[in-house]
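Please look at the sequence and the structure shown below, and then read the briefing that follows, which begins with one residue and widens from there.

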Amino acid sequence: MAKRINPVLIQRVIKAQLWGLTGFTIGILVFIICFISVKGLPQITLEFLTSNPVDMGRSGGIFSTIVCTLYLIFVSLMIAIPLGIGAAIYLTEYTRESRVTHIIRFGTECLAGIPSIILGLFGFAFFVMALRLGWSILSGGMTMSIMLLPTIIRTSEEAIKAVPHELREVSFSLGVTKWQTVTKVVLPSALPGIVTGIVLGVARCIEETAVIIFTVGSSLRLPQSLLDSGRTMAVHFYILAREGISMPNAYGTAAILILSILFINLSAYYIMRQFLRKM
Amino acid sequence: MKEKIIEKILMLLAFSAIGALLLMAVFIFKEGMPIIFKVGLKNFLFSTHWAPTKGYFGIFSMIVSSLFVTTGALIIGVPLALACAITLAEFAPQRLMVILKPTIELLAGIPSVVYGFLGVVLLVPLIRDYLGGPGLSLLACSIILAIMILPTITSISIDAIQAVPYSYKEGSLALGATHWQTIRMVILKAARSGIITAIMLGMARAIGETMAVIMVAGNALKIPSSPLSPVRTLTSNIALEMGYAAGDHRAALFATGIVLFIFIMIFNVTANIITKRWRRE
């Protein structure tokens, strides 16, 4: 008879291996954050944050890239928020599950899977060339808003669905119209969930590179208007690192990128947990 | 009356995503299709000769590289991701899971340029010194992509594992199976389609990634002969040459985008169909 290995022993070995692999993965994350922080944090001074890049970024700070990033976030959200929340309201409050909602959901999911390079190509062909907006924050913001749309639709939809049905019934029974119910009752209760989606959108704007290079360009000047080209922090980091312009400045920019993303994700997570606890 | 108008407006907004998707497809096909007809579909897809300034547009080596890099990323990433998913969903105490799941999801938030940079600074020298070759290679690219797709696969797999009805697990344990036997024979089987969806989405992310790939892949224009040879993927080809391309050359880059678009759509639609079936079960 073949020797049978004790299943409990097998389980113990496998369990140890799985824990090992999990620890390894978490270790990678911790390592990345520590490595960038240790190399980058010493570079960050008030001057680094408030002065413009000098000599292609060889010296000076990153002020203009911070401004450009903020402009870009503003434009993308201004477009993506109304579209996304409107779509979510329609999908949850105004229709039943039907062929149309299936098509809309399918389209949204496909859009979520489109890689940034394709979006970048499209933004370049459509906004930059066809609409003649040139490399500008406006072109970039419009392209980015397409990228944020699926996330905002999905999180808003989930948040609106989680609002208890009784709230709507009470409101309807008081003779309030549907739209008033949506704006006065449903949206305020769903707000934290919706905010989570928006916050994640901000993170996407900060970390994106491929779309921005094709649509906003990489001008280092401080953008004066939305039709100006500019360079976001992520693009600045990419150029500094790839062309080997200044390693200390690259590490400093990377540290700011990672810390802001970390902060944004943690706050999104915190808002979501508060929201779920209340529900 | 006002209500009716609002409903119509909201309906229009709801179609914004799908409208954007269609517009995007139309534009990329419009820009890229003419050159495919001009060169011939067979020549475009199956020739390895890419010299856009001399009129040769063959992207076969890039298609092969993209597929190799993606496969490599899956070979490295999937076991790690599944190990994390099983550990967190089944072995870890609830309290630890609540902390560790978002921690792993944080990996997805790190900008891809930072991954690429770390690849260049840390991974590429290691490969060059210990395994040989130029360092910038298919292997380096696969490892970086594996780390990048880990969070996607882990997070969706955890959801799939947790969606398995508790009674399945109880039934198996009551029959005297150990916890691991239950996981292997009952839970993973039941969560199979969710896990496959996760892997498909990871694949889509890996084949579409650009900036990190440009930085670590070496970008040489030939079919890789070993994991240590440098490669150029479909995505990096577009990003590297878009800056100075004009005329037919630019059209050919859009055509490269069409091929990529079709790959991604295949992955996404497959994932979508599997998820539907999974939900119905």
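B:Lys38 is exposed, with a relative accessible area of 59%, where buried means under 20% relative accessible area, exposed over 50% and partly exposed in between, computed with a 1.4 Å probe on protein chains only. This is a predicted model, in which local features need pLDDT of at least 70 and side-chain atom pairs count only at pLDDT 80 or more, while totals for chains, interfaces and linings use all residues; side-chain values use heavy atoms, with hydrogens and water left out. Residues are numbered from 1 along each chain as its sequence is written, and chains are lettered from A and ligands numbered from 1 in the order in which they are written.

**Salt bridges in chain B**

- B:Lys38 forms a salt bridge with B:Asp248, the closest N and O atoms being 2.4 Å apart, and the term stands for a side-chain nitrogen of Lys or Arg within 4 Å of a carboxyl oxygen of Asp or Glu.
- This pair links distant parts of the chain, 210 residues apart, with B:Asp248 in helix H13 (residues 247–280) of chain B and B:Lys38 in helix H2 (residues 16–39) of chain B; helices are DSSP runs (H or I, at least four residues), numbered from the N terminus.
- B:Asp248 is partly exposed, at a relative accessible area of 33%.
- A second salt bridge joins B:Lys101 to B:Asp159, with 3.2 Å between the closest N and O atoms.
- Here B:Lys101 counts as buried at 17% relative accessibility, whereas B:Asp159 is partly exposed at 37%.

**Salt bridges in chain A and in total**

- The side chains of A:Glu97 and A:Arg105 meet in a salt bridge (3.0 Å, N to O), and A:Glu97 counts as exposed at 51% relative accessibility.
- A network of salt bridges links A:Glu97, A:Arg105, A:Glu157 and A:Lys161.
- Over all chains, the count comes to eleven salt bridges.

**The interface of chain A and chain B**

- Contact, meaning heavy atoms within 4.5 Å, takes in 74 residues from chain A and 74 residues from chain B.
- The two chains bury about 6700 Å² between them, 83% of it on carbon and sulfur atoms, where buried area is the accessible area (1.4 Å probe) that two parts lose on being put together, summed over both.
- Helix H1 (residues 7–40) of chain A gives the most to the side of chain A that touches chain B, with 19 residues.
- Across this interface, the rule finds zero salt bridges.

Notes
Helix = DSSP H or I, 4+ residues; strand = E, 2+ residues; numbered from the N terminus.
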